[in-house]
Amino acid sequence: MVCSIGTDDKQILAEFNSPGCSHAFFNRHGGVGRAPFFSKNVSFGVGDDAAAVRENRRQVKRSLQLDRLISARQVHGEAIHCADAATGDEEIDEVDALITDRPGVGLMIQQADCQAVLLHDPIHRAIAAIHCGWRGSVAGIIEKTVARMQGCFGSEPAFLQAAVSPSLGPCCGEFVNYEAELPQAFQRFQVRENYFDFWEISRWQLQECGVKAASIAVAGQCTVCSSDYFSYRRACRENSGRTGRNCSVIVLRPQTDR
Ligand SMILES: [Zn+2]
């Protein structure tokens with residue numbers, strides 16, 4: 001059972017809380033954007049006013065007391081960026097996962113139904129933020145990021161903690177072309193005709209990597225069903241897909257905080 005701490009503009013999973021690391025799943029509230037980006041859209045790539053996006057990102061930085069905010073211009077690919085030389089805020093081109101062992105450097109994923117999967121290695125003091133849509137699930141981006149953390153930081157999967165953001169739920173996970181798009185191994189996560197449970201797919205993929213079941217927290221909130229979140233699928237029904245992006249952020253705290 002996941003226990004979350006909700007505030008007006010964000011959700012924090014109690015099970016994923018740690019003295020060495022902070023995280024938050026921000027919803028669409030509390031920002032300065034106007035419809036259809038009302039109000040805390042964090043993406044520069046969806047047609048919103050850039051000044052509003054900059055202010056929303058400033059709010060995110062203030063809220064989590066970040067020194068720097070590293071984001072990704074996500075492309076549903078498999079590239080992973082290590083933010084080990086960040087000197088200012090940066091948006092990295094064409095990557096879908098961010099990792100770092102630097103305290104104060106916030107890693108941000110932007111999503112509207114896709115998952116953000118956050119990882120924390122409390123032993124080696126390292127974190128990851130993964131953009132995981134269905135293409136990422138198919139490509140194994142979680143496994144690739146865990147492997148990269150092993151290579152870069154010596155992270156052992158058995159000691160990793162993981163959190164899956166609010167995102168597309170089994171209630172709304174319709175894939176009419178699933179036979180062409182999804183591998184056979186996903187079939188057992190089909191919950192009814194054409195509907196798949198990607199929360200459970202991520203839980204399974206994390207465990208396949210060696211992450212312990214007890215160390216995985218899933219927010220369990222569907223962004224299509226909840227109007228508290230931007231949702232691409234809901235926007236496609238309502239206004240041809242123009243909508244903002246929610247953000248999920250993770251940051252290491254300085255050692256002295258522990
Ligand atoms: Zn739903």
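In this predicted model, the arrangement around the zinc ion is tetrahedral, because the four donor atoms subtend angles of 103 to 118 degrees, within the range of 85 to 135 degrees required of all angles for that assignment. The protein donors are the SG atoms of Cys 171, Cys 172, Cys 222 and Cys 225, lying 2.3 Å from the ion, and along the chain these donors follow the spacing C-C-x49-C-x2-C. Cys 172 counts as buried, at 18% relative accessibility, while Cys 225 is exposed, with a relative accessible area of 53%.

Turning to the backbone, most residues other than glycine have a negative phi, and most peptide bonds are trans. Against this background, the peptide bond from Ala 35 to Pro 36 is cis, with omega near 5 degrees, and a cis peptide bond also joins Phe 38 and Ser 39, where omega is about -5 degrees. Pro 36 is placed in the loop between strand 3 (21–26) and helix 1 (50–64), and Ser 39 likewise lies in the loop between strand 3 and helix 1.

Positive phi values occur at Glu 94, near 55 degrees, and at Asn 194, near 70 degrees.

Methods: Residues numbered from 1 in each chain as written. Predicted model: local features only at pLDDT ≥ 70, side-chain atom pairs only at ≥ 80, totals over all residues. Heavy atoms only, no water. Donors = N, O, S within 2.8 Å, 3.2 Å for Na, K, Ca; no water. Tetrahedral: all angles 85-135°; square planar, octahedral: opposite > 155°, others 65-115°. Buried < 20%, exposed > 50% of the residue type's maximum accessible area, 1.4 Å probe, protein only. Helix = DSSP H or I, 4+ residues; strand = E, 2+ residues; numbered from the N terminus.
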